[in-house]
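This report looks at a protein through its charged pairs, its aromatic rings and one of its helices. Please keep the sequence and the structure in view while reading.

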Amino acid sequence: MRTTLPALLWRELESLFFSPLAYIVLTVSLLLNGVSFLSALSISGGVVEDTVRWFLGDGPLFWVTILAVPALVTMRLVAEERRAGTLEVLLTAPVRDGEVIVAKFLGALAFQAFLWAPTLIYIVILRQYGALPDAGQLFTLYLGVACVTSLLTALGLLFSTRTSNQLVAAVGAMVANVLLFVVPIMIPNLQSPGWTRAAASVSMVEHFSRSFGRGLLDSGILAWYLAATVALLIVATRSLEARRWR
């Protein structure tokens, strides 16, 4: 009988939610988001729109969280299974490599949605300041979080397929995430209009400052995240297929 994608996804969710590491990541994420929210309130002076933009896009702790968490969540998805020998058992079942990658990707995204869900409590707290944030701005900011998280999760999953060592997978993914974050910021210093435009088109910071943070939807930005995420998942699938036959 053929293993289905829902069954694989359920397997991944069980693995993630019953892992001690997952709750360490949850605790760290909650602490970082809590400190980030308090900093946003202090810096903005209680101005709702400024608080939301600092908390979800402009604050340094926001970027620390969003760059680090996907690498920590994905580092064990394939690497640990390969080390423990359970991956070989899974791949001998009637299941496609692409389904394994998609199930792991969706499971990691679902777990990270669980990590970000408590931040909605902070939005409720803002009511004490006399106004609710703009609904459109909130939607695009959380959409931005989802887009960046999807991209970095796919990237982390790719690194996890390349090694049986969780630490190596985590460090590799984090370094790649930081480079993806920093390099587009540094390129404009070259004072080349072409390179500056190219950097702006892939810069996560730029996407939040000129689109997500302003409550605007840019189809070009959304297309970039979708295309890049799908491409990374395809490469991760090919990587898993290549290692299957080694």
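The model is a predicted one, in which local features need pLDDT of at least 70 and side-chain atom pairs count only at pLDDT 80 or more, while totals for chains, interfaces and linings use all residues. Residues are numbered from 1 along each chain as its sequence is written, and side-chain values use heavy atoms, with hydrogens and water left out.

Side chains of opposite charge can pair when their charged atoms come close. A salt bridge is counted here when a side-chain nitrogen of Lys or Arg is within 4 Å of a carboxyl oxygen of Asp or Glu, and the structure holds five of them. Arg210 makes one with Glu206, their closest N and O atoms being 3.8 Å apart; these two residues are four apart in helix α12, so about one helical turn separates them. Glu206 is partly exposed at 31% relative accessibility. Arg210 also meets Asp218 in a salt bridge, at 3.6 Å from N to O, and Asp218 is partly exposed at 27%.

Salt bridges that share partners join Arg11, Glu12 and Lys104 into one network. Within it, the side chains of Arg11 and Glu12 meet at 3.1 Å from N to O. Arg11 is partly exposed, with a relative accessible area of 29%, whereas Glu12 counts as buried at 4%.

## Aromatic rings

Rings of Phe, Tyr and Trp (its six-membered ring) are paired if their centres lie within 6.5 Å, and planes under 30 degrees apart count as stacked, over 60 as edge-to-face and the rest as tilted. By this rule there are 14 aromatic pairs. In one of them, Phe62 and Trp63 have ring centres 5.0 Å apart and planes at 80°, so the pair is edge-to-face. Phe62 is buried at 0% relative accessible area, and Trp63 is buried at 6%.

## Helix α3

Helices are DSSP runs (H or I, at least four residues), numbered from the N terminus. Helix α3 covers residues 48-58, and its buried residues include Val48, Val52, Phe55 and Leu56. The buried residues of α3 pack against several other helices, among them α4 (60-74) and α12 (204-210), where a contact means heavy atoms within 4.5 Å.

Note on methods: Buried means under 20% relative accessible area, exposed over 50%, partly exposed in between (1.4 Å probe, protein chains only).
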